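Please read the following account alongside the coordinates, moving from one chain to the next as the text does.

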Amino acid sequence: MDLKLSPFPTLEKQMPIEHGRFEAYVDNGGTVLAVGGPDYCVIAGDTRMSDGGYGIQTRKYTKIFQLTDKCVLATSGMQADTLALQKRLKTMLSHYQKEHGKPMSTPAIAQFLSNTLYYKRFFPYYTFNIVAGIDEKGEGCAWTYDAVGSHERVKYASQGSGNQLVIPLLDNQVAKFNQQIIAGGNVTSQQAVSFVKDAITSAGERDIYTGDYADIVVVDKDGVHWEKFELKLD
Amino acid sequence: MYRNHYDSDITTFSPSGRIHQIEYAMEAVKQGGAAVALKSKKFAILVSLKRSSSDLGSYQKKVFQVDDHVGIAISGLTADARMLCNYMRNECSNYDYVYESKIRIERLVTKVADKHQLHTQGYGGRPYGVGLLVAGYDQLGAHIYQTCPSGNFYNYKSISIGSRSQSAKTYLEKYFEQFEDCSLEQLIVHGLRALRETIPNSDTGLNSKNVAIGIVGENQPFKIIEEENAQPYLNLLENEEPVEMQI
Amino acid sequence: MQQHVSFPVFGQNDYFNYKNPQTLENRMPVVDAKKKTQDPIVTGTSVIAIKYNGGVVMGTDMLCSYGSLARFNSIQRMEKFGSYTIIGAGGELSDFQSLSNTLNDLVTLDHCIDDGSKLSPSEIYNYVARVMYNHRNKGDPLWNSLVVMGYQNGSSFLGKVDLVGTCFKDDIVCTGYGAHIALPLMRKAALDNPNMNLEQAKKLIEDCLRVLFYRDARSSKKIQISVANENGLEISEPIELDTYMWQSGEAAVKSFSQV
């Protein structure tokens, strides 16, 4: 049998040297997560915006966007697409508000976002979203998406560059997977906030695209409450 | 029904230099329920008289929110007004999308007036049969504008349109110099009093059912006050003192 | 016989593309009906800017390169738009000139409407961001990194927009090589001296441009510094940076051997 040794790149693997070819997508990184409670929802997102490589463009760009008094959108991925998506949703929601005389409900926004993403599936928004807030019954709720609009309603979610670091933590601490003794009782929003802070701090430990500061947002019946939280600047 | 020559076609002038269809459209504005607009330094408000076709029906909407910083009151064909309101909302959200700031009131009014004008020059169309009072607040302050089916628009300190609006104008002309420094509440009471002038004595007068108030100003997004929310202001109207107390 | 081992032996590399001879189709790859910018031709390098106590300062050099050729030595890479805004540009010069035309039309329209209101720096910034993003959506980008700065009604504005529409506001903004070399220096300077005055800020920009001149091969020592503050906008006359004397040939060798 012939051995094929190729310690150096073979001819077909040699790529022509390309100088500054246009790349329409950039990944600006960042981590967002959401945890829904019985009558609240906690959403967190770091505020680092990377340049697609090792560089940090800015340390204070918020990834969380308030859609209504009961709903926020947390997005990681490409900042330019994120902004376009936010602006689009903002416009459509203000139209809805004027025509119907009330803001769109959170589940309706969740479906609407899916439609918006799917509509652009052949040139997708490079965005990874979480819609979170409280629904018509006042219960905390969250939806996660892929870039082309597949979505699922969940109790907790995380997206972005630190997703892999955060999601096992949430599985263990929120869903209580594989735990022998499950502590009873409802988690208060203060407890959820402190847990979410730990989660995003953990992501910041290992993920180079997550850090600087975090927005911690609590959505409850009284509206949307913002808090700034410091992460590592390294 | 009388008929003039040069009546049916909006693209033909009469020998006296008039376009009758446009003038008839302006006439439609005068048939609608009255609407009053007035402003102080920090606020612009709209006060309007709603009508219902019968006791069994609801009252026709007269005041529309266009954006957070601008709203309109209408007189004439409500259906036409809804089209124009939609157009204005679109222009506002387009501007907001591109510049992340609110469109200046004068520019918005210019756009909607241009749309009016376009419909006075095409064959086979008709002018809009509605007049708008536009109240808004932007970086240049509070503004009141009136538009006509002809495509003209006017900037006012205060104005009224619609049926018997002359009586309201008379009231406004008497008091407009005081408006500048009015509080929002005083301004609304002035508006209601002006509007009251347009109601024939035989009628029931102003009540929470037939009044709609639109307010906008500094740190005050456009808001429509009607039904039970209008009652406190109507109560103020009963008690004439606060307005007369003006310096 | 099959080749099993592929070492980079001379003669093995198909330098002259014998194996893939160019047919007419190969030579002229499918060209879209409309030609789009695939890479920049005449380019400017870094733009750096910082907010100081009472305004904003921005600096660029005046070189526009044609690849590695220092082609145009005296191009102003910052421009005023309206009474409150200056935009500095790196990247393709012609794209910036085209954007300038668009923005000047906008400013002229403002003047014509004559209602006393003018576009604010943040409005221009948002407009530019939309223009850049829309172009990238068409696959026809304006190949620039733009820094928008301004001062209106007592508040400073500083933001950046790039060729895919990424945009953000910050107190310190650098593009190109500046983002690697000048940005850390400026962040340090701002940390050490949070209430920088105009002179200090100008000095900082000048120092950073000097460092860039030393390390960025596409930069020059002919620079301009512009300021936006309560006195309005000002773009300086060309300034020749005071740098190390670069002697040529023999003299340089001599001075090295003396070290």
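Residues are numbered from 1 along each chain as its sequence is written, and chains are lettered from A and ligands numbered from 1 in the order in which they are written. The predictor assigns the complex an ipTM of 0.88 and a pTM of 0.87. Where pLDDT is low, the predicted coordinates should not be read in detail.

In chain A, 5 strands make up an open antiparallel sheet in the order E5-E6-E7-E8-E9; helices (H or I, at least four residues) and strands (E, at least two) are DSSP runs numbered from the N terminus, and two strands pair if DSSP finds at least two bridges between them. Strands E5 (64–68) and E9 (151–154) of chain A each have a single partner strand, so one side of each is left without a neighbour in the sheet. From one strand to the next the twist averages 20°. Within this sheet, E7 (residues 127–134) and E8 (residues 140–145) of chain A are joined in the antiparallel sense by 5 bridges, and A:Ile130 stands opposite A:Thr144 in E8(A).

Helix H1 (residues 79–100) of chain A packs on the sheet, touching E5, E6 (71–77) and E7 of chain A, and its direction makes about 160° with that of E6(A). Axes here are lines fitted to C-alpha atoms, for helices over the stretch in contact, and angles run from 0 to 180 degrees between N-to-C directions. Helix H2 (residues 106–119) of chain A lies across E5, E6, E7, E8 and E9 of chain A, at about 165° to E7(A).

In chain C, the axes of helices H4 (residues 177–192) and H5 (residues 198–215) come within 10 Å and cross at roughly 145°. Residues of H4(C), including C:Ile181 and C:Leu185, meet residues of H5(C), among them C:Leu204 and C:Val211, where contact requires C-beta atoms, placed from the backbone, to lie within 7 Å.

Between chains, 5 residues of chain A are in contact with 4 residues of chain B. In chain B, an unreviewed UniProt entry annotates residues 6–28 as "domain: Proteasome alpha-type subunits"; such positions are given in the numbering used here, feature names are shortened, and annotations may be inferred rather than shown by experiment. Over residues 6–28 chain B is 39% helix and 0% strand, with the end C-alpha atoms 18 Å apart.

Notes:
Predicted model: local features only at pLDDT ≥ 70, side-chain atom pairs only at ≥ 80, totals over all residues. Contact = placed C-beta atoms within 7 Å.
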